[in-house]
Amino acid sequence: STLDAVLRGLANPAEEVAALPSTHLTDARCFSGIAGDGHLDTNLCRNFKEKLVYLFYGGVFYRPPSDRISRSTYLPIAFVFSPTVLDQIDRYFPFDTGGIFGNRYGARGAAMQPVDPRFRVSGGSYKVPTRMVYHLFGTNKAYLREQPRPSLLQMRDPCPDLFRYLAEPPSDDVDQRWRRIEAVHTEPISVKHLLWVGFPKEYGYA
């Protein structure tokens, strides 16, 4: 079975979980192009073999590189989008697919294969990620604290594998993205949904 099928078979939450903002992280050198075009553009994804744009649900998650960034144009810039953007998201995954495809999470990531369609959840509404949070974590607080529901172990496949992945103790070689909901869209995302932009002061914007 698939995660999408399991979630569709569960009852709606008694109380709706509040929708969280979504974020996109990029190099500072891309800021002018995004601001000029008025949208985040899609790029060819070598993993899914199609043009996509990625967001993370619920916060900005960044792992500094091992070597110091010497050029300000390669420093990170974060875009934070209103939950209104969620109505147009094509699909979701309950983890960082790029990290799994890139073998960054070792055996725990290998257990998540195949990523698609096993863990893909169809989008089209802001209620999709809020239901994912409810059924996988219970509350937004538990989601942000990385505390999955133990009841996932008693649910249909692939939920037991997902629980073991989400509940794995963190290690120094990973960042928070490995168990954050990933939002994937097949069309550019307009900055009209933008709430906030954060960039290093070293980049020189006033």
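Which backbone oxygen does the side chain of Arg 108 reach? The side chain of Arg 108 comes to the backbone oxygen of Tyr 105, at 3.3 Å. That is a polar contact, meaning a pair of N or O atoms within 3.5 Å; within protein, one must be able to donate a hydrogen and the other to accept it, and residues adjacent in sequence count only if both atoms are side-chain atoms.

A word on the model before the close-ups. This is a predicted model, in which local features need pLDDT of at least 70, side-chain atom pairs count only at pLDDT 80 or more, and totals for chains, interfaces and linings use all residues. Residues are numbered from 1 along each chain as its sequence is written, and side-chain values use heavy atoms, with hydrogens and water left out.

**Figure 1. The protein chain holds seven helices and 10 strands.** Helices (H or I, at least four residues) and strands (E, at least two) are DSSP runs, numbered from the N terminus. Of the 206 residues in the protein chain, 44% are buried. Here buried means under 20% relative accessible area and exposed over 50%, with partly exposed in between (1.4 Å probe, protein chains only). The protein chain exposes about 10600 Å², and carbon and sulfur atoms supply 50% of that area; accessible areas come from the Shrake-Rupley method with a 1.4 Å probe, and for residues only the protein chains shown count as cover. Among contacts in the protein chain with a separation of 6 or more, 80% are between residues 24 or more positions apart, a contact being heavy atoms within 4.5 Å.

**Figure 2. Strand 1 (residues 22–27) runs antiparallel to strand 5 (residues 76–81), joined by six bridges.** Two strands pair if DSSP finds at least two bridges between them. Strand 5 in turn runs antiparallel to strand 10 (residues 194–198), with four bridges between them, and Phe 81 has Leu 194 as its partner in strand 10. Five of the six residues of strand 5 are buried, leaving this strand mostly covered.

**Figure 3. Phe 95, Tyr 105, Phe 119, Tyr 165 and Trp 178 form one aromatic cluster.** Rings of Phe, Tyr and Trp (its six-membered ring) pair if their centres lie within 6.5 Å; planes under 30 degrees apart count as stacked, over 60 as edge-to-face and the rest as tilted. By this rule there are eight aromatic pairs. Phe 95 and Phe 119 have ring centres 5.2 Å apart and planes at 65°, so they pair edge-to-face. Phe 95 is in the loop between strand 6 (91–93) and helix 3 (97–101), while Phe 119, 24 residues apart from it, is in the loop between helix 4 and strand 7 (121–122). Both Phe 95 and Phe 119 are buried. Tyr 165 and Trp 178 are also edge-to-face, because their ring centres lie 5.2 Å apart with the planes at 75°. This pair links Tyr 165 in helix 7 to Trp 178 in the loop between helix 7 and strand 8, 13 residues apart. Both Tyr 165 and Trp 178 are buried.

**Figure 4. Arg 108 lies over the face of Trp 178, at 4.6 Å from the ring centre.** A charge sits over a ring if NZ of Lys or CZ of Arg is within 6 Å of the ring centre and within 35 degrees of the ring normal. Arg 108 belongs to helix 4 (residues 106–110) and is buried, at 16% relative accessible area. Elsewhere, the charged end of Arg 149 sits over the ring of Tyr 134, 4.9 Å from its centre.

**Figure 5. Pro 170 lies in the loop between helix 7 (159–166) and strand 8 (182–185).** With 58% relative accessibility, Pro 170 counts as exposed. Leaving aside neighbours within four places in sequence, Pro 170 is in contact with Trp 178 and Arg 179. The C-alpha atoms of Pro 170 and Glu 146 are separated by 9.9 Å, for residues 24 apart along the chain.

**Figure 6. Helix 5 (residues 127–136) is largely enclosed by the rest of the structure, because eight of its 10 residues are buried.** Among these buried residues are Val 128, Arg 131, Met 132 and His 135. Their cover includes helix 1 (3–8), strand 4, strand 6, strand 7, helix 6 (140–144) and helix 7. After helix 5 comes Gly 138, with a positive phi near 105°.
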